[in-house]
Amino acid sequence: MRITSTSCICPVLVCLCFVQRCYGAAHHGSIKVTRNQTKHIEGETEVHHRPKRGWVWNQFFVLEEHMGPDPQYVGKLHSNSDKGDGSVKYILTGEGAGTIFIIDDTTGDIHSTKSLDREQKTHYVLHAQAIDRRTNKPLEPESEFIIKVQDINDNAPKFTDGPYIVTVPEMSEMGTSVLQVTATDADDPTYGNSARVVYSILQGQPYFSVDPKTGVIRTALHNMDREAREHYSVVIQAKDMAGQVGGLSGSTTVNITLTDVNDNPPRFPQKHYQLYVPESAQVGSAVGKIKANDADTGSNADMKYTIINGDGSGVFSISTDKETREGILSLKKPLNYEKKKSYTLNIEGANTHVDFRFSHLGPFKDVTMLKVIVGDVDEPPLFTLPSYVMEVYENAKIGTPVGTVTAHDPDAANSLVRYFIDHNTEEDRYFTIDASTGTIKTAKIFDREETPWYNITVAASEIDNPGLVSHVPVGVRILDVNDNPPELARDYDVIVCENAKPGQVIQTITATDKDNSANGARFHFSLDEGLSLNPNFTLRNNEDNTASILTRRRRYSRSAQDIYYLPVLVSDGGVPPLSSSSTLTIRVCACDRDGRVRTCHAEAFLSSAGLSTGALIAILLCIVILLAIVVLFITLRRSKKEPLIISEEDVRENVVTYDDEGGGEEDTEAFDITALRNPSAAEELKYRRDVRPEVKPLSRHHLSSSLDSIDVQEFIKQRLAEADLDPSVPPYDSLQTYAYEGHRSEAGSISSLDSATTHSDQDYNYLGDWGPEFKKLAELYGEIEPERTT
């Protein structure tokens, strides 16, 4: 087999065409003479030929991006059986056959009809076959070959990640790596130099450089200062064909910013400053600002201000504003122009974050001097004390002097001062003040027990300038006088047992006094000397502001007297001493042997009958049990139901037993006999509830009018007639009893229930002679007064 090589068509590809012609026989159309491999044809036996012909190709080549007007020649197929007479027909199949690649079936020439792009498809696989044109029998077996698209330099390098933004610290050493950029080329890296990229710098010199092979960008100068220039724009170019002329190139921009380091110390713009501060400036207020400049930024420019020396270090203080990096000068103590007119301060500003790599550029601090001029202002009056405390006795007359406040003008003019009280509260109205002398006097009579302390505010202003006012608080303490007598601390409930012994302490009492301890801390207790000696009780003063109540006889009887009254006199130790009298109520009670109170009044009569507590409880328990039995019996009786008719047989042959006695006149469910008792109160006719009546009852109006016009006998006859005509009544006779007693008697009632409200002339004094058992009854009905011993 013989292959004709591709002819040179494009002038630009002269070199490639020359290479193809030189090596065409070896690479493009070379026949690899090997043992023939013929496909087995159906119906024929396999024939082995001698290897004298070749029908195998390695590959063809076709240039990409062909732009000529004619199809591009690729190669030629040829069979040794072809004698040039057109009897051999060549057939091409596979990728692109008939569309991209066409073949002359007589000559075997292959052409490319379209422009190919290697970056889209690098090669095509096709199959070739030679057949006899007349018989269509294969002369050569089907052979596979490849058409490879040969690359040309048609793609420029590209930076896929650009543009770039990077930072590098200022003052970095030369050669410090900044960034590595990479460009890619879509051309074939295995064929020629189409994809061999070289980097160069187009913009950014002499500050930065780039490695031509790796694309690493580095600093090219020493000590690049951010304060001199901060931003740089560097343009990097990537060129293929190893940078030779005719190669394609692409570029990208790298924006480089120098970051700050602390390489600049702070500096005050001036070495001397002057500040005016009025003497009226408030303590704690800001009076001025000062700032040292630092060319650095961020934390590298942070600084702290301090007052290192000067005569004003105790009067002024300085702090740092973190936002503005200014020193704020504040006042620690009040200024007084008349005492000192100026101050001198030495202020230092120093960086808080120092980079020791640049310590040779320091020191990173600066000092300046500040002179503070105190300004004279017209000041309000100044009180001699920041506050006053005065005292006055309670019950003092109106106009009594309490105390005096004093103020003066601190200025050189020394103007006169006028005093007055701010009547902002009610307490300010209780005092007056002399406008010239500042003497405070009372305007009401005070009671220490009501309000022991008053707070007022006194103001002072200059006569020449009333607008300048100063204030001072004044506290007035009300002193105590002995004007309140002592009283018992509480209402004592004193109890004495019936079995008490003489000299037994039954109660300890104490007293209180509204006056303070100076006029009432010592109390003295005694019995009223104006009364006769008490035979029942006595009092003992314990000399410790308490007193004890003691018994004077052996036994006490509730039946004889259950309450005693004991007047007690209490006096204090004030000047003059005051006293008051109180009466103690002493109750007589029954007590156990150990002194515990058993009862006092509620069980007096039962106790006199000799019943103990246990006996009373037993009686009450029995009563409760009896009541429970009665209630249970009544409940069972009411719940028991018996049929009225025992048998369903003829009721006339049976005796019906009724065992229901009813509930009397108050039982409104069983029988209503109100109408029979008093015809005038009848309202309507009552029918049986267990049988539905078939007769229409008389109307209410008709019944009422009938009752008013007839007497009882006629009423009974009418009821009897209604019962005879009522079909709902039982079919047997019944006996009904009517017990009407008539209207109320003219003589009235003979009951004794209402006699309690009438006056009786009966003499019950004889009940007092029947003994102690009838003593209470005699007191209720007789004229005997109960005995009381005081």
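1. Strands here are DSSP runs of E with at least two residues, helices are runs of H or I with at least four, both numbered from the N terminus, and two strands pair if DSSP finds at least two bridges between them.

2. A word on the source: this is a predicted model, where local features need pLDDT of at least 70, side-chain atom pairs count only at pLDDT 80 or more, and totals for chains, interfaces and linings use all residues. Residues are numbered from 1 along each chain as its sequence is written, and side-chain values use heavy atoms, with hydrogens and water left out.

3. Back to the sheet: four strands form an open sheet in the order 8-14-13-10, with mixed pairing. Strand 8 (164-169) and strand 10 (198-203) each have a single partner strand, so one side of each lacks a neighbour in the sheet.

4. Now the disulfides, meaning pairs of cysteine sulfur atoms within 2.5 Å: there are two. Cys497 and Cys591 have their sulfur atoms 2.1 Å apart, and their link is left-handed, at -80 degrees about the S-S bond. Cys497 sits in strand 32 (residues 493-497) and Cys591 in strand 38 (residues 579-591), 94 residues apart.

5. Cys589 and Cys600 form a disulfide with sulfur atoms 1.8 Å apart, right-handed at 100 degrees about the S-S bond.

6. Lastly, Cys622 counts as partly exposed because its relative accessibility is 46%.

Key. Buried < 20%, exposed > 50% of the residue type's maximum accessible area, 1.4 Å probe, protein only.
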